[in-house]
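User: I have a two-chain model to go through before our meeting. Could you take me over its main features?

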Amino acid sequence: MAHSATHPTWLQHHFSDAHQQRESSKLGMWIFLVTEILFFGGLFCAYAIYHAWNPEIFHAAHKALDWRLGGLNTIVLITSSLTMALAIRSLQVNRVRVASGYLWATFLLAATFMVVKYFEYSHKFHVGQLPGKYYTYTGIEGTNPHIFFSIYFVMTGLHGLHVLIGMGVILWLIVRNRKNHFSAQYYNPVEMTGLYWHLVDLIWIYLFPLLYLVG
Amino acid sequence: MSNSANPSVTLRAPLVEPDRIDETTGLPRENYLHDGGRGLKSWLLTMDHKRIAILYLITVSAAFFVGGIMALLVRLELYLPDKQFFGPDAYNQLFTLHGAIMIFLFIIPSIPAILGNFVLPLQIGAKDVAFPKLNLASWYVYVFGAAFTLISVFTNAADTGWTFYTPYSSSTSTSVIPMTMGVFILGFSSIFTGLNFIVTVHKLRAPGLTWFKMPLMVWGLYATAIIQVLATPVLGITVLLLTLERAFGIGIFDPAMGGDPVLYQHFFWFYSHPAVYIMILPGMGIISDLVASFSHRKIFGYKFVAFSSMAIALVSFLVWGHHMFTSGQSEIAVMIFSFLTFMVGIPSAIKVFNWTTTLYKGSISFSVPMLYVFAFLFLFTIGGLTGIVIGALSLDVHLHDTYFIVAHFHYVMVGGTVMAMVGGLYYWWPKIWGRMYNRTLGVFAWLLVFVGFNMTFFTQFILGSRGMPRRYWTYLEQFQPLHAFSSSGAMVMGLGFLLVGINLWRAVKHGKPSGSNPWGSLTLEWTHCSSPPLPHNFKETPRIDYGAYEYDKVLPTITK
């Protein structure tokens with residue numbers, strides 16, 4: 001279906017103009033991010049309560065986490081936020097192929113994050129530091145170290161799931177960019193994905209010290 | 001030019017005369033039901049908010065029917081003590097299903113997803129909601145979540161009560177996870193709808209339509225959407241944690257593993273209390289529109305009613321502990337929750353006073369929707385006042401987990417929300433289908449519903465105050481006459497709702513064509529849209545010359 005110059009292909013019919021579409025998508029994405037904050041907020045709340053009730057367990061158990069791997073992952077994610085922002089910037093100045101490069105970089109950094117997580121998780125599985133009723137490790141003193149690992153796995157697991165979903169969305173953006181869907185006139189989906197990605201990064205920035213550095 | 005009957009009226013509201021009327025049906029030739037695609041596929045892939053509203057109408061009504069059957073089975077069992085048809089375990093499953101289906105599959109989506117979807121864009125002069133694809137997705141997510149929940153029914157249904165309290169819910173062998181995961185999925189449907197409505201109200205209003213010119217229905221839906229977006233994620237994480245507790249024994253609610261079962265209650269009620277305002281706020285929005293329309297007056301204290309919706313949305317997050325007065329909280333916590341519970345009743349009371357004042361000396365027409373308004377005013381007031389009763393700790397200690405609580409929440413949810421919803425359905429039915437329902441049957445059905453409801457639930461206030469516990473399969477002989485009376489009332493009420501359904505169903509194909517504005521209302525859906533509306537709602541973007549309820553300045557045109 002052909003469109004005139006005043007009605008670009010990406011302008012959806014129920015919006016009166018591109019400005020309204022852009023403003024709506026921004027507000028919509030911010031509201032979605034608020035729901036994500038509340039979703040993880042419940043977990044941070046649980047963390048706060050159990051940490052307050054069992055400070056010695058949290059201190060003892062956190063040593064089981066390797067802060068260097070966690071620190072590496074933090075640097076990886078922050079860098080991926082940078083490459084994401086640079087991808088958006090590239091589109092703003094109409095450098096479409098460079099944008100694809102930055103999107104790939106973001107994707108690969110996210111994949112690195114997941115690989116590091118894989119190593120961390122498999123080590124824990126190996127020694128029996130598992131959530132709740134599957135916990136068999138004996139090297140941590142105190143009653144009920146399971147609580148720490150339950151919280152660790154639920155929080156990092158849910159976060160990891162969000163990283164995976166983000167990776168899928170970024171891949172979709174790369175595909176669309178290849179088809180020249182984005183330009184300096186229209187890069188909304190990339191910008192909105194960027195917002196999501198920054199939140200995923202931010203959540204990890206809180207998770208890292210609370211789980212790896214506490215004590 | 002002024003009207004001779006009322007010299008102060010200077011404006012006449014427009015009336016939509018469709019270009020062409022179909023001779024056989026008497027309806028406008030071009031309307032969203034026939035245009036914008038025909039056939040099942042065009043409906044299942046629609047992005048038209050009006051069609052999505054009807055998709056929701058079908059599935060949510062089915063949920064109401066199933067939840068209603070559960071209720072009738074529960075009341076049937078309770079005619080006499082001990083077993084009539086169901087043993088105690090089956091009874092527990094029945095009331096769990098009744099609660100879970102009615103709350104998550106029926107009442108939470110009901111008004112926003114059906115009437116909100118249909119009417120919100122029309123009332124603000126928009127072509128659709130902000131994110132039509134998300135809107136359709138929300139319906140599919142609803143269907144998927146509902147199907148998931150129903151898996152529980154067929155695999156030894158959960159018997160925990162709809163509240164899924166730990167430690168029973170984390171250890172029972174009944175099918176809890178399908179139900180909790182179903183609820184998780186349904187939560188997304190609610191969030192998507194809420195998100196959509198917030199952006200729609202902020203960004204898609206017609207030029208000149210300022211916030212205080214909007215109908216109060218829109219304010220109600222907006223406040224509801226805020227709660228949906230903020231509270232539902234917390235329910236999500238709660239049921240997810242419960243699922244993980246059952247599946248992996250993470251121990252977060254298990255004292256043997258360092259967890260705390262009362263933490264579950266805090267998490268659960270942090271959502272579920274605001275959730276009850278998700279249930280009532282859209283109903284209040286409907287009542288505002290109906291009161292204005294059927295008394296032909298602007299709402300007294302419009303701004304107070306609008307702001308009270310926002311106040312309810314805010315304060316609703318601060319009172320969850322009143323569901324847990326007997327769970328071992330500290331005295332300070334209990335006192336603060338009790339105080340805030342009293343506070344949260346105030347904005348609701350403001351609305352009831354303002355509606356009543358609007359009616360005073362208004363030109364009231366006793367249409368079927370108006371009957372439901374009167375039912376609402378009476379029944380919701382009782383429900384709200386009894387809420388204050390149990391918000392007082394000293395009384396709640398005796399009344400908690402008795403039939404008094406059950407009666408209270410049915411008065412607000414059924415006597416409040418469902419009355420408002422049925423009134424709204426009758427009111428907007430002519431807009432949705434272009435046809436009018438049968439008034440006589442409407443009045444008769446209303447009578448059965450109103451009488452049946454009070455028979456069922458007023459009795460339960462008495463039962464509760466005399467000590468009858470809730471969720472009990474059997475009871476002491478002395479309670480039997482009241483139980484039998486309550487159960488009989490339930491049958492009467494059930495018949496009433498069935499007749500409502502039959503009346504509305506028949507109107508869809510056989511009702512008399514209503515014309516664009518049978519009520520003479522001033523809101524945009526009546527003055528600027530045909531009945532049924534065009535696929536894109538308006539011929540051209542409406543020009544906003546006056547606010548939603550300015551009956552003192554504008555004369556509407558009624559189609560007969």
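Analyst: One term is needed at the outset: helices are DSSP runs of H or I with at least four residues, strands are runs of E with at least two, and both are numbered from the N terminus. The model is a predicted one.

User: On phi, what is the value for B:Asp82?

Analyst: B:Asp82 is not a glycine, yet its phi is positive, near 60°. In chain B it falls in the loop from α2 (49–77) to α3 (88–123). A positive phi also occurs at B:Gly467, near 105°, in the stretch following α14(B).

User: How far does α14 of chain B reach?

Analyst: Helix α14 of chain B covers residues 439–465, 27 residues in total, and spans 39 Å from first to last C-alpha. That is close to the 39 Å expected at 1.5 Å a residue.

User: Staying in chain B, at what angle do α11 and α13 pack?

Analyst: In chain B, helix α11 (residues 368–391) and helix α13 (residues 403–433) pack at about 155°, and their axes are 8 Å apart. Angles over 145 degrees count as roughly antiparallel, and α11(B) and α13(B) are therefore roughly antiparallel to each other. The crossing of α11(B) past α13(B) is left-handed. Their contact is made up of 19 nonpolar and eight polar residues, with no charged ones.

User: How do α4(A) and α5(A) cross?

Analyst: The axes of α4 (residues 96–127) and α5 in chain A come within 10 Å and cross at roughly 155°. By the cut-off already given, α4(A) and α5(A) are therefore roughly antiparallel. α4(A) passes α5(A) in a left-handed crossing.

User: Which residues of α4(A) and α5(A) meet there?

Analyst: From α4(A) they include A:Leu103, A:Trp104, A:Phe107 and A:Lys117, and from α5(A) they include A:Gly160, A:Met167, A:Ile170 and A:Arg178. By class the contact has 16 nonpolar, six polar and two charged residues.

User: What about α2(A) against α5(A)?

Analyst: α2(A) and α5(A) pack at an angle of about 65°, with axes 9 Å apart, and the crossing is right-handed. A:Ile57, A:Phe58 and A:Ala61 from α2(A) meet A:Ile147, A:Phe148 and A:Phe149 from α5(A). The class count for this contact is six nonpolar, no polar and no charged residues.

User: Now the interface. How many residues does each chain bring to the contact?

Analyst: Chain A contributes 27 residues and chain B 29 residues. On the side of chain A that touches chain B, α1 (18–53) and α5 (146–178) each supply at least two residues. α1(A) gives the most to that side, with 15 residues. The chain A side divides into 13 nonpolar, 12 polar and two charged residues.

User: Last topic, confidence. What are the mean pLDDT values for chain A and chain B?

Analyst: Chain A has a mean pLDDT of 92, and 97% of its residues reach 70 or more. For chain B the mean is 95, and 98% of the residues reach 70 or more. For the complex, the predictor gives an ipTM of 0.92 and a pTM of 0.95.

User: Where in chain A is confidence lowest, and where highest?

Analyst: In chain A, confidence is lowest in helix α2 (residues 55–62), with a mean of 88, and highest in helix α3 (residues 67–92), at 97. In general, where pLDDT is low, the predicted coordinates should not be read in detail.

Conventions
Residues numbered from 1 in each chain as written. Chains lettered and ligands numbered in written order. Predicted model: local features only at pLDDT ≥ 70, side-chain atom pairs only at ≥ 80, totals over all residues. Contact = placed C-beta atoms within 7 Å. Nonpolar A, V, L, I, M, F, W, Y, C, P; charged D, E, K, R; others polar. Expected span 1.5 Å × (residues − 1). Axes fitted to C-alpha atoms, helices over the stretch in contact; angles between N-to-C directions. Parallel < 35°, antiparallel > 145°, perpendicular 65-115°, else oblique. Left-handed = near helix turned anticlockwise from the far one by under 90°. pLDDT = per-residue confidence, 0-100.
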